[in-house]
Amino acid sequence: MRHALSVASECAPLIKTGGLADVVGALPGALAAEGWALRTLLPGYPSVLRAVGAGKTVWKDKNLFGGPAKLIVAEAAGLDFLILDAPHLYDRTGSIYLDDGGQDYADNPERFAALSWVAAYLAANGIGDWIPEALHLHDWQAALTPWYIKEMGARAGTLLTIHNVAFHGIAPAARLNALRLPANGFTSDGFEFWGQINMLKAGIVAADKISTVSPTYARELTTPEFGMGLEGVIDGRQADLCGILNGIDLEAWNPATDTAITTHYHTPRGKKKAKARLEKEFGLPAADGPLCIVVSRLTEQKGLDLLLDALPALVDRGGRLALLGSGDRALETAWLRAADAHPFVSVRIGYDEDLSHRMFAGADAVLVPSRFEPCGLTQLYGLRYGTVPVVALTGGLADTVIPANTAAMRDGVATGLQFHPVTARALANSLMDLRAIYADAPQWSRIQRNGMKHPVGWDVSARAYAELYDSLSTPA
Ligand code: ADP
Ligand code: GLC
């Protein structure tokens with residue numbers, strides 16, 4: 001086996017706020033099959049330290065970005081971890097990124113610069129006889145690593161995966177020294193961005209290779225509409241950029257064995273009981289239209305304000321909606337109001353993994369109206385559970401769903417519905433199409449069955465990552 005280090009701010013099942021955690025948690029298993037052994041470097045948030053238990057301390061520092069730190073080797077959930085225990089950085093009462101008031105921690109740049117610095121230290125020094133040949137860096141939280149590697153004179157190759165270009169990791173220029181960054185990097189072809197330090201840009205300019213989580217998003221990233229100001233820099237790295245689709249955990253998400261559901265099924269027909277149970281759980285009346293779900297962070301990205309505007313197209317025609325999500329206060333309130341106003345809409349504000357499984361098992365369709373979506377996982381769960389995805393034509397949603405257009409319907413290959421442009425009106429039209437297809441039982445079950453057969457695992461993507469790691473570890 002060859003050795004790689006994966007560096008991220010979250011990893012399922014230990015700590016998760018979104019799909020990043022699922023992907024970071026799945027990569028070691030997927031890459032093992034390709035001959036690469038991954039260790040995952042993760043911040044020692046209180047819940048992570050509790051989950052990994054005692055572990056073995058392999059490195060200590062009296063002053064890592066302002067306080068004492070140690071590195072713990074531990075195994076948990078079948079994964080090999082290196083946990084960075086630094087209480088001054090990670091022992092907080094809020095969420096992993098936000099304080100109790102919902103604001104970014106002021107020292108987020110230092111919190112994750114420290115993680116990146118330790119990643120570079122590991123690339124330079126290893127632990128005992130373990131030394132990583134390749135470093136897989138996820139998002140801005142790991143993106144300073146290539147700069148520290150350069151400073152330390154280490155040789156490991158780096159791959160930066162952009163899971164979401166909306167988050168940059170911005171710090172004032174005055175923090176240059178505090179972040180241990182070289183002053184000569186503070187230029188427009190370095191990590192300077194409108195007079196500030198941009199940590200994601202730092203990784204984009206300096207990593208050996210760059211990937212993102214779908215081929216379509218890889219192209220979108222080079223355009224002003226999607227690049228969030230980094231499109232030019234990303235375009236400059238075109239030759240080293242590729243899109244590799246996320247997979248899902250086929251054991252955790254398997255309708256025939258899922259431990260979070262009570263009635264298992266192999267074919268769409270078996271969903272019936274799960275559907276009745278879901279209607280009951282959400283207090284939704286039975287009706288002749290499709291039972292739709294949303295499982296999502298409630299943020300601008302996810303387009304759920306568009307769904308609020310398009311709701312009549314669904315609920316005035318016998319459709320129903322069960323939504324599980326949390327995030328922006330204003331969106332949470334708007335959705336609770338919508339549930340009060342429509343008997344066919346039911347909303348749970350919060351985060352609940354088990355409930356999400358019951359929702360995919362029992363629903364007819366899952367709605368993903370994102371304004372942008374680097375890959376997206378819920379449409380993949382939908383496919384696997386015979387829960388037809390209705391998605392915006394963007395990013396990974398475009399790459400994973402075969403839309404029910406005339407040609408695909410004629411050939412019998414459609415797996416879901418897609419709408420474009422990403423507006424409330426186009427979404428409403430799509431919801432009306434959904435209703436019509438749902439009313440045609442043979443057509444509907446064909447789409448469901450196609451989806452259930454569609455490959456959504458890691459095989460192909462793991463091979464693509466392994467090839468990238470290979471290219472990093474054999475310097476040209
Ligand atoms: P993103 O990472 O942008 O949030 P993804 O679709 O890639 O989007 O991943 C979201 C992940 O988080 C999925 O596994 C989804 O099921 C899960 N998720 C999101 N919100 C909730 C929630 N409220 N309860 C349970 N799971 C959720
Ligand atoms: C980001 C993206 C999402 C993607 C996930 C995992 O959170 O918003 O589309 O699936 O990362 O790569």
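Reader: How do the residues lining the second largest pocket divide into nonpolar, polar and charged?
Author: This is a predicted model, where local features need pLDDT of at least 70, side-chain atom pairs count only at pLDDT 80 or more, totals for chains, interfaces and linings use all residues, and side-chain values use heavy atoms without hydrogens and water. The pocket (an open set of points on a 1 Å grid over the protein atoms alone, where a 1.4 Å probe fits, with protein on both sides within 12 Å along at least five of seven lines) has lining residues with an atom within 4 Å of a point. Ala, Val, Leu, Ile, Met, Phe, Trp, Tyr, Cys and Pro count as nonpolar, Asp, Glu, Lys and Arg as charged, and the others, Gly among them, as polar. On that basis the lining divides into 16 nonpolar, five polar and eight charged residues.

Reader: Which lining residues lie nearest the centre of that pocket?
Author: Residues are numbered from 1 along each chain as its sequence is written, with chains lettered from A and ligands numbered from 1 in the order written. The lining of the second largest pocket has 29 residues in total. Those nearest its centre are Asp-22, Gly-25, Ala-26, Ile-248 and Asp-249.

Reader: Which helix gives the largest share of the lining of the second largest pocket?
Author: Helices (DSSP runs of H or I, at least four residues) and strands (E, at least two) are numbered from the N terminus. Helix 1 (19-32), helix 12 (353-362) and helix 18 (459-473) each supply at least two lining residues. The largest share, six residues, is that of helix 1.

Reader: Between which domains does the second largest pocket lie?
Author: The bounds come from an automatic or database domain assignment. Both domains of that assignment give residues to the lining, so the second largest pocket lies between domain 1 (2-247 + 459-473) and domain 2 (268-453).

Reader: How far apart are the C-alpha centres of the two domains?
Author: The two domains touch through 18 residues from domain 1 and 17 residues from domain 2, where contact means heavy atoms within 4.5 Å. Between the C-alpha centres of domain 1 and domain 2 the distance is 32 Å.

Reader: Which residues have the most contacts inside the largest nonpolar core?
Author: A nonpolar core joins buried Ala, Val, Leu, Ile, Met, Phe, Trp, Tyr and Cys residues through side-chain atoms within 4.5 Å; buried means under 20% relative accessible area, exposed over 50%, and partly exposed in between (1.4 Å probe, protein chains only). The largest core holds 78 residues, with its largest share, ten residues, coming from helix 4 (residues 108-125). Apart from it lies another core of 68 residues, Trp-253, Leu-321, Val-366 and Tyr-381 among them. In the largest core, the residues with the most contacts are Leu-41 and Leu-84.

Reader: What does Leu-41 touch, beyond residues up to four places away in sequence?
Author: Its partners include Leu-5, Ser-6, Val-7 and Ala-8. Further along the sequence, Leu-41 also touches Leu-71, Leu-82, Leu-84, Leu-115, Val-118, Ala-119 and Leu-122.

Reader: Is Leu-383 buried or exposed?
Author: Leu-383 sits in helix 13 (residues 378-384). Beyond its neighbours within four places in sequence, Leu-383 is in contact with Pro-389, Thr-400, Thr-415, Gly-451, Met-452, His-454 and Val-456. Because its relative accessibility is 2%, Leu-383 counts as buried.

Reader: Which elements do the buried residues of helix 5 pack against?
Author: In helix 5 (residues 145-152), the buried residues are Thr-145, Pro-146, Trp-147, Tyr-148 and Ile-149. Just after this helix, Gly-153 takes a positive phi of about 70°. The buried residues of helix 5 pack against helix 4, strand 6 (134-138), strand 7 (157-162) and helix 6 (199-206).

Reader: What is the relative accessible area of Asp-139?
Author: Asp-139 is found in the loop between strand 6 and helix 5, and its phi is near 60°, a positive value in a residue other than glycine. Gln-141 lies in the loop between strand 6 and helix 5 and is buried at 6%. Asp-139 is buried, with a relative accessible area of 8%.

Reader: Where is Ala-77, whose phi is near 50°?
Author: That phi is a positive value in a residue other than glycine. Ala-77 is exposed, with a relative accessible area of 55%. Its place is the loop between strand 4 (69-76) and strand 5 (79-85).

Reader: What is omega for the cis peptide bond joining His-420 and Pro-421?
Author: The peptide bond from Ala-12 to Pro-13 is cis, with omega near 5°, and Pro-13 is in the loop between strand 1 (2-7) and helix 1. Pro-421 lies in the loop between strand 18 (417-419) and helix 16 (424-439). For the cis bond from His-420 to Pro-421, omega is about -5°.
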